Amino acid sequence: MADDLTFSEGVGDQRKISANALATLKLEQIIESSYDSILVTDRSGEVLLANPACARLLNIKLEKLVGANVKDLIKEGFYNRSTALEAALKRTVVTGLVTTENGMNLMSTSMPLLGETGEVIMVVTNTRDNDVVEKYMAALEDVRAKAYRY
């Protein structure tokens, strides 16, 4: 069948799965396995969905995070600003640095999802430890500088 895809679960273990069945795999499993933080809020900042990476970076239990409002999380000191709120207000993508209560600098990008009439339905935020990004960039520059010398 042309719509069948083959994938392997392990050495010597291949199964066929229809394209439709593949499409129905839980999005939640994909989000939970992401190393980067993923946070989804409604237009007012209520957290609809967050993955374990988000809870780890913000040093908060996932159960407390989901259902909370980002305004309250800021008031409680978990972090200093919300690009999700900014994106909802501006109705455009917002990227910025966010500092957590333990001093971790995060690079956060929030993208509002708009309805047919232009209203913000929800905001999807991806966040990564900016200190790690800066460390990799410095290492890359070091390698480039060494390569340039040769």
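Predicted model: local features only at pLDDT ≥ 70, side-chain atom pairs only at ≥ 80, totals over all residues.
How many helices and how many strands are there in the chain? There are seven helices and seven strands, where helices (H or I, at least four residues) and strands (E, at least two) are DSSP runs numbered from the N terminus. Residues are numbered from 1 along each chain as its sequence is written, and side-chain values use heavy atoms, with hydrogens and water left out.

Let me start with the overall layout. Read from the N terminus on, the elements run β-β-α-α-β-β-α-α-α-α-β-β-β-α. Of the 150 residues of the chain, 31% count as buried; buried means under 20% relative accessible area, exposed means over 50%, and partly exposed lies in between, with a 1.4 Å probe and protein chains only. The accessible surface of the chain comes to about 9900 Å², and 56% of that surface belongs to carbon and sulfur atoms; such areas come from the Shrake-Rupley method with a 1.4 Å probe, and for residues only the protein chains shown count as cover.

Five strands form an open sheet in the order 4-3-7-6-5, with antiparallel pairing, and two strands are said to pair if DSSP finds at least two bridges between them. Its edge strands are strand 4 (47–50) and strand 5, each of which pairs on one side only. Neighbouring strands of this sheet are turned by 25° against each other on average, direction ignored, the axes being lines fitted to C-alpha atoms, for helices over the stretch in contact, with angles that run from 0 to 180 degrees between N-to-C directions. Within the sheet, strand 6 and strand 7 (residues 120–129) pair in the antiparallel sense over nine bridges, and L114 has V120 of strand 7 as its bridge partner.

Leaving aside residues up to four places away in sequence, S37 touches N51, A53, C54, L57, T125, N126 and T127, where a contact means heavy atoms within 4.5 Å.

Strand 6 (residues 105–114) also holds L113, which is partly exposed at a relative accessible area of 34%. Together with V93, M111 and I121, L113 forms a nonpolar patch on the surface, with about 320 Å² of accessible area together. Patches are made of residues with over 30% relative accessible area and no salt bridge, like charges being joined within 9 Å and nonpolar side chains (Val, Leu, Ile, Met, Phe, Trp, Tyr) within 5 Å; a salt bridge is a side-chain nitrogen of Lys or Arg within 4 Å of a carboxyl oxygen of Asp or Glu.

Finally, the loops. A68 is placed in the loop between helix 4 and helix 5 (70–75), and A68 is buried, with a relative accessible area of 15%. The C-alpha atoms of A68 and G45 are separated by 8.3 Å, although the two residues are 23 residues apart along the chain. Beyond residues up to four places away in sequence, A68 touches G45, E46, V47 and L73.

R91, in the loop between helix 6 (83–90) and strand 5 (94–99), has a phi near 55°, a positive value in a residue other than glycine, and R91 counts as partly exposed at 48% relative accessibility. N59, in the loop between helix 3 (52–58) and helix 4 (62–65), likewise has a positive phi near 55°.
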